[in-house]
Amino acid sequence: MSTIRSAAVQSAGPMILMEEVNKWYGDYHALIDINLSVQPGERIVLCGPSGSGKSTLIRCINHLESYSRGQISVDGISLTNDPKAINAVRLDVGMVFQQFNLFPHMTVLENCTLSPIYTLKQSKEQAEERARRLLDRVHVLNQADKYPAQLSGGQQQRVAIARALCTEPRVMLFDEPTSALDPEMVKEVLDTMVGLAEDGMTMICVTHEMGFARSVANRVIFMAEGRILEEAPPATFFDNPQHPRAKAFLGDILHR
């Protein structure tokens, strides 16, 4: 374990802290003065219209996107451009994408053991034992020797979740994990995420699944045009939204 990550394990502060974070793409201001503190075990749902900056925000947390101004720390690690800091944060942060991103030429088991073997320097036996345990947890252990193309979309996404868990992250980021799935496959993925929440995993999830937000989130954060406009516990957010943009968004999405 790196000295950066070893020190972070002792951190007693917020799991994620974003202070006055801004992000530009050329002249486009994608994130504007983002302030966000996430405590260990908290479950956050980010929602808002397309183009509001939700995916950019979570991609900044593990430096898939660099931010332009402000400060981000994860588990006590200040996320700078230092490669050691970036690598330490990425060991702590698992991410699940909309499009699965599994390696098509590798079996399910090989997809899950690649990072533990090459990043964490685990033995093949160690990596496979943990991978099989996690694949069983998400109910796809019987698919371990298959290739991604042989699986349904829901199965592939559950494999992607297991793969992210194989590095033993302390935070999980989900970027619209069900939006590419057929409706009948959404529930199986959401059930897997509910299980993680029940185990106390710190989670930030970009999603339009408002039922999931109601039942699982500690806090719902609404974004529009690069800003956080409202944040509240689910009951307050859904029953009594304050910002006009949040009211309009909920009126649209809940009555489709």
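**Gly154 and helix H6**

I began with Gly154, which I located in helix H6 (residues 153–165), where helices (H or I, at least four residues) and strands (E, at least two) are DSSP runs numbered from the N terminus. The model is predicted, so I kept in mind that local features need pLDDT of at least 70 and side-chain atom pairs pLDDT 80 or more, while totals for chains, interfaces and linings use all residues. Residues are numbered from 1 along each chain as its sequence is written, and side-chain values use heavy atoms, with hydrogens and water left out.

I found Gly154 buried at 0% relative accessibility; buried means under 20% relative accessible area, exposed over 50%, and partly exposed in between, with a 1.4 Å probe and protein chains only. Leaving aside residues up to four places away in sequence, I listed Leu181, Met185, Glu188 and Val189 as touching Gly154, contact meaning heavy atoms within 4.5 Å. I also looked up Phe100, which is 54 residues from Gly154 along the chain, and the two C-alpha atoms are separated by 9.6 Å.

**The sheet and strand E8**

Next I traced an open sheet of six strands, with mixed pairing and the order E6-E7-E8-E3-E9-E10; two strands pair if DSSP finds at least two bridges between them. Strand E6 (93–96) and strand E10 (227–232) stand at the edges, and because each has a single partner strand, one side of each is left without a neighbour in the sheet. From one strand to the next the twist averages 20°, with axes taken as lines fitted to C-alpha atoms, for helices over the stretch in contact, and angles running from 0 to 180 degrees between N-to-C directions.

I then turned to strand E8 (residues 202–206), where five of its five residues are buried. In a regular strand the side chains alternate between the two faces of the sheet. In E8 both faces are covered, with Thr202, Ile204 and Val206 on one side and Met203 and Cys205 on the other. Strand E7 (residues 171–175) pairs with E8 in the parallel sense over five bridges, and strand E3 (residues 43–47) pairs with E8, also in the parallel sense, over four bridges. I noted Val206 in E8 as the bridge partner of Asp175, and Leu46 also stands opposite Val206.

**Cysteines**

I found zero disulfides in the structure, counting as a disulfide a pair of cysteine sulfur atoms within 2.5 Å. For Cys60, the nearest cysteine sulfur is that of Cys205, 17 Å away, and Cys60 is buried with a relative accessible area of 0%. For Cys205, the nearest cysteine sulfur is that of Cys47, 10 Å away, and Cys205 is buried as well, with a relative accessible area of 2%.

**Helix H10**

Last, I asked myself which residues of H10 are buried. They are Ala246, Phe249, Leu250 and Ile253, and seen down the axis of H10 they fall within an arc of 95°, so they line one face of the helix; the arc is that of the directions from the helix axis to the C-beta atoms. On the other side of H10, I noted Pro244 and Ala248 as exposed. The buried residues of H10 pack against E3, helix H8 (210–216), E9, E10 and helix H9 (234–239).
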